[in-house]
Amino acid sequence: MLDPLGPYCDNVTDYRLSYYLILTPVCNYAKGKWVVDDRRPLYSGFGCKQWLAPMWACSLMQRQDFAFEKLRWQPKGCEMEEFEGPKFLKRMQDKTLAFVGDSLGRQQFQSLMCMITDGKDRSDVLDVGNEYGLVLPPGSIRPNGWAYRFISTNTTVLYYWSSGLCELEPLDVPKHPHLKAFYRSISPRHFVNGDWNTGGSCNNTKPMSIGKEVLQEGSSDHAAVSAVRWTGVKLLDITALSQVRDEGHISRICITSSPRVQDCLHWCLPGVPDTWNEVLFAQI
């Protein structure tokens, strides 16, 4: 048997075979640090009114410190591809990107719509919710999801509300050979001295994470790691990089809650969920 790492000899000639294996290192987007970038944010919270719910647009509330909007995630040892709306649409031509989940999934969906459009109104984007059964149920204040199609590239971005994936009918992947599925790790909560209904708070508004490296090798969301093991589903690991961004929550400025209740679960937009989409875009 030929030894690929050593010489091969026969009775005639001594051949020395050299094998060169060039490996492209895979970027671990979960390791890195937050750095200041004056080109941020990627869109304006004042202007993205077509896609962004007012209750998550902290620019429209009483918040005074917006330094959190100027941070960019820098992976360690590699560069993350810069997000551009036209580039995203070209890559996703004739394709559909679906978010399935709860209100945090809805935040990520609205974030992406703002990122693709630069936060500007677009008349060339069709509401195609009816094609996916995303309609307003009787007695409800909002539909169970939204779907929009960018006419120029036939790209559809949709969101489907589901509080638990166990309630959904699984896809037969053999029937969808080109399907790419990602499972987002848990978004950290930053309640201090209680929970949302017991006086918990997250009063910090200034970035404390600048330059501090996140260097764990594996995801800190062990349940998510276990869920995707031995499947074709990839992990979108956002837990540790979001853990150091406690100032990015809506906190006490929420326009829909009582004065004694703080939202330390959801994020201001523009904000941290934009980075989740940048990591997703880099892995598509």
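I looked up salt bridges in this predicted model and got a count of 12.

I began with E217 and K31, whose closest N and O atoms are 2.9 Å apart. E217 is in the loop between β9 and α3, and K31 is in the loop between β2 and β3, so this pair ties together parts 186 residues apart in sequence. I noted E217 as exposed because its relative accessibility is 63%, with over 50% as the cut-off. K31 has 16%, so I noted K31 as buried.

I then took the salt bridge of E82 with R39, at 3.7 Å between the closest N and O atoms. E82 lies in the loop between β4 and α1 and R39 in the loop between β3 and β4, so the pair ties together parts 43 residues apart in sequence. E82 is partly exposed at 44%, and R39 is exposed at 55%.

I also found E81 and K87 in a salt bridge, at 3.6 Å from N to O. Through shared partners, salt bridges join D37, R39, R72 and E82 into one network.

Next I looked up the largest nonpolar core, which has 53 residues. Helix α2 gives the largest share of this core, 7 residues. F88 is among the residues with the most contacts inside the core. Beyond its neighbours within four places in sequence, F88 contacts residues including L112, V157 and F281.

Last, I looked for cavities of 30 Å³ or more and counted 1. Of the 13 lining residues, R40, E69, L71, G271 and D274 are the closest to the centre. By class, I listed 7 nonpolar, 2 polar and 4 charged residues in the lining.

Key
Residues numbered from 1 in each chain as written. Predicted model: local features only at pLDDT ≥ 70, side-chain atom pairs only at ≥ 80, totals over all residues. Heavy atoms only, no water. 1 Å grid on protein atoms, 1.4 Å probe; cavity = no way out; pocket = protein on both sides within 12 Å on 5 of 7 lines; lining within 4 Å. Points joined across faces, edges and corners; volume = space filled by probe spheres on them. Nonpolar A, V, L, I, M, F, W, Y, C, P; charged D, E, K, R; others polar. Core = buried A, V, L, I, M, F, W, Y, C linked by side-chain atoms within 4.5 Å. Buried < 20%, exposed > 50% of the residue type's maximum accessible area, 1.4 Å probe, protein only. Helix = DSSP H or I, 4+ residues; strand = E, 2+ residues; numbered from the N terminus. Contact = heavy atoms within 4.5 Å. Salt bridge = Lys/Arg side-chain N within 4 Å of Asp/Glu carboxyl O.
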